[in-house]
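Subject: Structure handover

Hello,

Here is the structure I promised to pass on. Please open it first, then read my notes below.

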Amino acid sequence: MSVSRRMFLAAGAVGTGWMLVPELLGSVVAAPVTVGVVIDRIKEHVGVPWRAQTVDNLLAGDPGIVVTGIATTMMATFEVCKRAQALGCNFIITHETPFYLHQDKTDDIKDNGVLLAKQKFLADHEMAILHFHDHLHAMHPDGVAKGMVEQLGWQANVDTGGDLKRLHFDGMRLQTLVQGIATKLGAKTIRVVGNRELPVHRVATSWGYCGREGGIALLADPQVEVLICGETREWELVEYAQDAITAGQAKALVVVGHVLSEQAGMEFATSWLKTFVTEVPVKFVPAPEPFWLG
């Protein structure tokens, strides 16, 4: 057995990317880092206990794959997978599912041509994908909220209690607030329910999907004038926002789009990963805004 092969096996056994080889006393040699090793380090550094029930699982590839590079992304679309592979990254860490359902089940579409093409590409290039959703949100502070506040430049607008999802402003027009969001995020398809001239003082954010249950409670809060979310159902929260305005309430709903409303969270995750994964490149591969205006 070669020395390099022996180093790799020993490193895998002890869960570290480094070891001393007895035949090379005094030498420290870098061993290949595997997908499993990276996942173990994520669990060690995330700062919260790893949940027994979670969608944060390895969905493609296996733990023994030697990592050549890590790509982080908001959504591992087929196009993002191809870009990651072209960048030399064979391990993708994605915030949202790559397989069209939050719980990642594919039994009902197992023979679908698009799914099969994507799975074949990943297998042909020996690529792995980790779904990293629950624990990014569970970090202290929430990794998505932290990334979004930083990208939008809203650090000074965070409420005095330190809740990154609650913000205050100086009464700027709603349209001015939305235009600022669009500029900072590079968004082209933000949708708004509310008066363009509404003075904005208090904002709540629910990055990503915001449903009826949590959304109505947020928008009904007397301390909230504007709710910003990624996406929602139009026959639920959108209708409620319309009715609240008709009832005479000074309210507005801003729907950014799911990808752009959480993307900065994975940009934050890129910097965070680089603090404990140093053997291979870690690159942020943004997912594009999927819509265009007709």
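The structure holds 4 aromatic pairs. Keep in mind that this is a predicted model.

Start with Phe 78 and Phe 121. Their ring centres are 5.7 Å apart and their planes stand at 65°. Planes over 60 degrees apart count as edge-to-face, so this pair is edge-to-face. Phe 78 belongs to helix α3 (residues 78-86), while Phe 121 belongs to helix α4 (residues 113-124). The pair therefore ties together parts that are 43 residues apart in sequence.

Are the two residues buried or exposed? Phe 121 is buried, because its relative accessible area is 13% and the cut-off for buried is under 20%. Phe 78 has 25% relative accessibility, so it counts as partly exposed.

Next, look at Trp 154 and Phe 169. Both residues are buried. The ring centres of Trp 154 and Phe 169 lie 5.2 Å apart, with the planes at 80°, so this pair is edge-to-face as well. Trp 154 is in the loop between α6 (143-152) and β7, and Phe 169 is in strand β7. The pair links distant parts of the chain, 15 residues apart.

There is also an aromatic cluster. Phe 132, Trp 272 and Phe 276 form it.

Now the sheet. It is open and has 5 strands, in the order β7-β9-β10-β11-β8. The pairing is mixed. Which strands are at the edges? They are β7 (166-173) and β8 (191-193), and each pairs on one side only. From one strand to the next, the twist averages 25°.

Inside the sheet, β9 (residues 199-209) and β10 (residues 226-231) run parallel. They are joined by 5 bridges. Ala 204 stands opposite Leu 227 in β10.

Helix α7 (residues 174-185) lies across β7, β8, β9, β10 and β11 (252-255). It runs at about 120° to β7.

Then go to Thr 232, in the loop between β10 and α9 (234-246). Thr 232 counts as buried because its relative accessibility is 14%. A polar atom of its side chain lies 2.7 Å from the backbone oxygen of Cys 210. What does Thr 232 touch, leaving out residues up to four places away in sequence? Its contacts are Tyr 209, Cys 210, Leu 237, Val 238 and Leu 253.

Last, a residue in another loop. Ala 31 is found between β2 (28-30) and α2 (35-45). At 4% relative accessibility, Ala 31 counts as buried. Ala 31 and Val 66 are 35 residues apart along the chain, and 9.8 Å separates their C-alpha atoms.

Over to you.

Best wishes

Terms used
Residues numbered from 1 in each chain as written. Predicted model: local features only at pLDDT ≥ 70, side-chain atom pairs only at ≥ 80, totals over all residues. Heavy atoms only, no water. Pairing = 2+ DSSP bridges. Helix = DSSP H or I, 4+ residues; strand = E, 2+ residues; numbered from the N terminus. Axes fitted to C-alpha atoms, helices over the stretch in contact; angles between N-to-C directions. Contact = heavy atoms within 4.5 Å. Buried < 20%, exposed > 50% of the residue type's maximum accessible area, 1.4 Å probe, protein only. Polar contact = N/O pair within 3.5 Å; in protein donor to acceptor, adjacent residues only side chain to side chain. Phe/Tyr/Trp six-rings, centres within 6.5 Å; stacked < 30°, edge-to-face > 60°.
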